[in-house]
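Visitor: I'm new to this one. Can you put it up and take me through it?
Guide: Here it is.

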Amino acid sequence: MAGAAKNGVAPWVTVGVCGGVAAYKAAELVRELQQRGADVHVVMTRAAEEFVRPLTFSSLTGHRTITSMWSGWGEDSSPTGLAAEPASGLDEQGQIEHISEAQGAQALVIAPATAHVLAKMAHGLADDFLSTMILATTAPVIVAPAMNVNMWNHAATQANVRLLRERGVIFVEPDSGYLACGMTGAGRLASVEAIAQAVMDALAGVVHESKQDLAGETILVTAGGTREAIDPVRFLGNRSSGKMGYAIAEAARRRGAQVVLVSAPTALDPPAGCAFVPVTSAEEMRTAVMEHMAQATVVVGAAAVADFRMATVSAEKLRRKGALHLDLEPTEDIVREVVDARGAGTLVIAFAAEMDADIARAREKLRVKGADAIVLNDVSRAGIGFDAERNAAVFVTAERAVEIPEMLKRDVAEQILDEVVGMRAGHGGCSLAQP
Ligand code: PMT
């Protein structure tokens with residue numbers, strides 16, 4: 001048996017596996033949780049068994065995989081899952097199994113969670129072991145959905161998600177990308193690392209998902225790298241993927257904010273529930289930001305905005321004839337303009353993409369821009385910054401510098417928003433700078 005300590009100290013985590021292509025990733029999640037010290041049990045729905053055999057999980061966990069309300073100790077205890085004894089519904093100790101599993105688990109994580117199971121959860125249906133356990137447990141419930149993009153975006157699914165969030169269910173939002181159904185969009189199971197981290201946070205009592213501490217705020221986020229046309233087919237660009245800005249937009253929406261995402265071109269799908277304003281150039285981004293900033297109470301500039309554009313864009317495709325010298329002119333500083341135009345109480349958070357972590361230099365940039373804080377990231381470091389899944393930063397204000405160690409961008413986003421909430425509340429030595 002791998003990893004799971006059976007010494008009574010390891011937290012008991014039950015993984016609920018539903019029927020979707022991503023069911024195989026639940027095996028990786030089991031391993032990840034074990035590596036983080038959990039004693040993992042697995043409950044499978046009937047549909048999940050179409051994708052993965054219970055034996056896979058029994059072998060990994062050393063516990064019988066629960067597949068039915070009525071199996072009880074004996075039926076699935078043989079590796080084949082065939083009945084060896086009459087159905088009992090009782091566990092090894094003769095307790096009613098779905099109750100003992102619900103009471104024993106210190107966290108229940110459902111991964112992958114289908115649209116169907118979300119609907120059952122929202123309506124309190126209890127027609128199999130997993131849904132019954134969900135009702136019976138008082139442990140934190142973490143849900144990692146995975147499904148087709150249209151199913152995820154469907155009003156019914158989103159309404160169920162909202163309802164479950166209100167009830168305290170913790171969501172690890174699906175990633176965007178190529179889906180097994182052949183479509184592209186939101187619906188891919190989040191990384192096992194992110195799901196395991198959410199479980200560990202829930203066990204430690206750290207719950208980001210259910211807090212609605214940004215309710216009442218309207219957060220305008222810029223993301224992605226702008227493109228400055230050289231001629232009809234070429235542009236000056238940069239390596240920004242938009243992941244950092246999108247993570248902030250998604251986290252802000254989860255925490256109850258209205259979100260306007262002004263995005264330069266990226267390969268990402270617009271996050272559900274955010275007003276989405278696509279732009280291409282720095283000038284378009286500036287126009288969109290200034291148009292929407294009247295309603296914003298917080299502006300976060302995560303975009304990599306071009307500092308220069310062509311003085312004149314060629315109307316014709318430039319021909320290749322020897323060296324080419326481009327005549328560039330500076331773009332407007334959007335953050336600076338936002339600071340100048342903002343209403344009282346609007347917080348402005350800039351980013352600084354630097355080749356080091358020099359806080360004094362970042363603070364000077366903060367001063368020049370007039371923002372309330374600047375998120376300094378050292379983009380020379382491998383594995384973070386531009387087009388990476390992870391980032392590390394220092395949240396710098398005039399008075400403080402709070403280190404955000406390397407972690408997934410979605411977690412960096414949460415930490416940045418924690419700082420914003422702290423500034424809003426006047427905590428931590430940060431006062432709200434007035435224009
Ligand atoms: O998109 P990812 O791949 O996830 O990568 C994330 C990131 C590295 C792009 C992000 O974390 C980041 O650092 N964004 C800011 C990049 C940048 O342009 O930094 P800067 O130091 O050049 O600009 C400072 C600030 O001024 C930024 O808030 C920027 O949005 C803003 N700016 C810059 C130029 C300009 N003309 N107008 C601006 O508003």
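Visitor: Where is the place of Ala-105?
Guide: This is a predicted model. In it, Ala-105 lies in the loop between helix H4 (97-104) and S3.

Visitor: Is Ala-105 buried or exposed?
Guide: Ala-105 has a relative accessible area of 6%. Buried means under 20%, so Ala-105 counts as buried.

Visitor: How far is the C-alpha atom of Ala-105 from that of Asp-39?
Guide: Their C-alpha atoms are separated by 9.5 Å. Along the chain, Ala-105 and Asp-39 are 66 residues apart.

Visitor: What about the largest nonpolar core, how many residues has it?
Guide: That core has 37 residues, and Leu-33 and Val-109 have the most contacts inside it. Two or more residues each come from strands S1 (12-17), S2 (39-44), S3 (107-113) and S4 (141-145), and from helices H1 (25-35), H2 (54-61) and H9 (192-203).

Visitor: Which element gives the largest share?
Guide: H9 does, with eight residues.

Visitor: And S1, how many of its residues are buried?
Guide: Five of the six, so S1 is mostly covered. S1 also pairs with S2 in the parallel sense, over six bridges. Within that pairing, Thr-14 has His-41 in S2 as its bridge partner.

Visitor: Now the open sheet of eight strands. What order do they have?
Guide: The order is S12-S11-S8-S13-S16-S17-S18-S19, and the pairing is mixed.

Visitor: Which strands stand at the edges?
Guide: Strand S12 (275-278) and strand S19 (401-408). Each has a single partner strand, so one side of each is left without a neighbour in the sheet. On average, neighbouring strands of this sheet are turned by 15 degrees against each other, direction ignored.

Visitor: How do S11 and S12 pair?
Guide: Strand S11 (residues 258-263) and S12 pair in the parallel sense over four bridges. Leu-261 stands opposite Phe-276 in S12.

Visitor: What do S6 and S7 form?
Guide: They form a hairpin, with five residues between the two strands. S6 (residues 175-178) and S7 (residues 184-188) run antiparallel and are joined by four bridges. Gly-177 stands opposite Gly-185 in S7. In the turn, Gly-182 has a positive phi of about 95 degrees.

Visitor: Change of topic. How many salt bridges are there in the whole structure?
Guide: A search finds 33. One of them joins the side chains of Glu-173 and Arg-253, at 3.4 Å from N to O. This pair links distant parts of the chain, 80 residues apart: Glu-173 is in the loop between strand S5 (170-171) and S6, and Arg-253 is in helix H10 (residues 243-254).

Visitor: Are Glu-173 and Arg-253 buried or exposed?
Guide: Both are buried. By contrast, Glu-50 and Arg-46 are exposed. Those two also form a salt bridge, with the closest N and O atoms 3.3 Å apart.

Visitor: Which residues are linked in a network of salt bridges?
Guide: Glu-283, Arg-286, Arg-309, Glu-329, Glu-332 and Glu-337.

Visitor: Last one. Which residues form the nonpolar patch on the surface?
Guide: Phe-308, Leu-324, Leu-326 and Leu-328, with about 360 Å² of accessible area together. Phe-308 is found in strand S14 (residues 308-310). Phe-308 has 48% relative accessibility, so this residue counts as partly exposed.

How values were computed:
Residues numbered from 1 in each chain as written. Predicted model: local features only at pLDDT ≥ 70, side-chain atom pairs only at ≥ 80, totals over all residues. Heavy atoms only, no water. Pairing = 2+ DSSP bridges. Axes fitted to C-alpha atoms, helices over the stretch in contact; angles between N-to-C directions. Patch = residues over 30% accessible without salt bridge, like charges linked within 9 Å, V, L, I, M, F, W, Y side chains within 5 Å. Areas by Shrake-Rupley, 256 points an atom, 1.4 Å probe, with all protein chains shown as cover. Salt bridge = Lys/Arg side-chain N within 4 Å of Asp/Glu carboxyl O. Buried < 20%, exposed > 50% of the residue type's maximum accessible area, 1.4 Å probe, protein only. Core = buried A, V, L, I, M, F, W, Y, C linked by side-chain atoms within 4.5 Å.
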